[in-house]
Amino acid sequence: MVEMNDSGRFRRIRQLARESYGVSCISGISESRSAAIAGVIAEERQRQLLVVTSSYTRAKKLAEDLSLFADQKIYVLPEEAPIRITFEAKSQDALVERLIAMSALAAGEDCIVVASVQSAVKRLAPKNLFLENKITLKLGGQVDLAQLKRQLIYMGYERVGSVEAKGQYSIRGGILDVYSPNQAHPCRVEFFDVEVDSIRFFDPLTQRSIEETQSIQVFPAQLIVQSDFLFEQAATRIREIYESFAKKLPGEKRERLISRQGHIVESLETVTNIQLLENYIHYLYDKTNFLWDYLQDGGVVIVDDPDR
C-alpha cells in the first residue's frame with residue numbers, strides 16, 4: 001500500500017473523513033487523485049466503503065488505483081446488461097460477482113465495493129431477508145436434510161449430479177456438495193444421520209479434498225430470494241395492476257401491455273427466467289433495498305465526481 005504524505009491538504013481530508021457522516025462527494029480533481037482521497041477516507045473511517053462512479057469502465061480503473069492506497073479487499077460490481085422480455089439469461093459470472101460483493105457487505109467483511117451508478121441503484125431483495133436465507137453449517141450441528149434441500153432451492157441453487165459451478169448443489173445419501181458464491185471452492189458436508197460429521201472444501205475437477213473446516217456459510221445464489229407463495233402473490237399483484245392500467249390504453253398499446261404481463265406472469269408461475277424478474281422485484285417484496293442498504297452501520301458512501 002502506498003503511504004500518503006501528511007501534507008496540509010491531506011491532513012484536512014483526514015479531519016473531514018473523521019468528522020463527516022452520510023454521503024461524501026469527490027469532485028473537482030483529476031481522476032487519478034480520486035483513489036488517493038478514497039483511500040484516506042477508508043483509512044480514517046475503518047468502515048465498509050461503497051464508491052459510486054459514472055460508469056463500469058471508471059469503476060474498474062478506480063478500483064485498480066484504489067488498491068494502491070487501501071488494504072481492504074476491493075470488489076467491483078459488474079456492468080448491468082439489459083434483460084429482454086423473452087428468455088435470455090445474463091452472464092452467470094456477472095451474477096456471481098454481484099452476489100459475492102453483496103455477501104461480503106451483508107456478512108460485515110471489511111471491504112470496499114466500487115460500482116457504477118447504474119449498478120448501485122439496482123433494486124435488491126431486503127438485506128434482512130438475504131441474511132435470513134444464509135445457511136450456517138457447523139461441525140457437530142444437527143440438520144433437517146429435507147428442510148435444507150427446500151431452503152437451497154429457495155436460495156436459487158440448482159440441483160445437479162456433480163457440482164462444478166457456483167450456485168449448484170448435489171445430495172447423494174448423507175453427502176451434500178454445495179458451491180456458495182462467497183466461497184473460492186465447493187464444500188462437501190458429510191452427515192451421520194442428522195449430525196454434521198465433516199466439512200471440507202474440494203476441487204470440483206479432481207474431487208480431491210483441499211482443506212477441512214469447522215463451519216461454512218452458504219449465501220443465496222440468486223438476487224431474488226424466494227419464500228412460500230412469493231411468486232404466486234407477485235403474479236396476482238401484477239395481473240391486477242397491469243389489467244387496471246390496460247383499461248386506460250387504446251387498442252394496440254393495451255394489447256402490448258397485456259402481452260408483456262403474460263410473459264412476466266408465465267415466468268413467475270413456472271419459476272423460469274429468474275433474471276428477467278429482477279426488473280420487477282418491487283412486485284415481489286413490500287420493501288426493496290439498494291446496495292448501500294447492505295452496508296454495516298457506519299458504512300461510508302462516496303460519490304466519485306457526481307457532475308459526470
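Select serine 116, which lies in strand β4 (strands are DSSP runs of E of at least two residues, helices runs of H or I of at least four, both numbered from the N terminus). Serine 116 is buried, at 5% relative accessible area; buried means under 20%, exposed over 50% and partly exposed in between, with a 1.4 Å probe and protein chains only. Beyond neighbours within four places in sequence, serine 116 contacts Val52, Thr53, Ser55, Tyr56 and Ala59 (contact: heavy atoms within 4.5 Å).

This is a predicted model, where local features need pLDDT of at least 70 and side-chain atom pairs pLDDT 80 or more, while totals for chains, interfaces and linings use all residues. Residues are numbered from 1 along each chain as its sequence is written, and side-chain values use heavy atoms, without hydrogens and water.

Next, select the largest nonpolar core, of 47 residues: a set of buried Ala, Val, Leu, Ile, Met, Phe, Trp, Tyr and Cys joined through side-chain atoms within 4.5 Å. Elements giving it two or more residues include β2 (49-53), β4 (111-116), α8 (230-246) and α9 (251-270). Val113, Ile224 and Tyr285 are among the residues with the most contacts inside this core. Apart from neighbours within four places in sequence, the contacts of tyrosine 285 include Ala125, Pro126, Ile224 and Arg237.

Last, select helices α2 (residues 31-45) and α3 (residues 56-66). The crossing of α2 and α3 is what to look at here. Glu31, Ser32, Ser34, Ala35, Ala38 and Gly39 in α2 meet Arg58, Leu62, Asp65 and Leu66 in α3.

Note on methods
Axes are lines fitted to C-alpha atoms, for helices over the stretch in contact, and angles run from 0 to 180 degrees between N-to-C directions.
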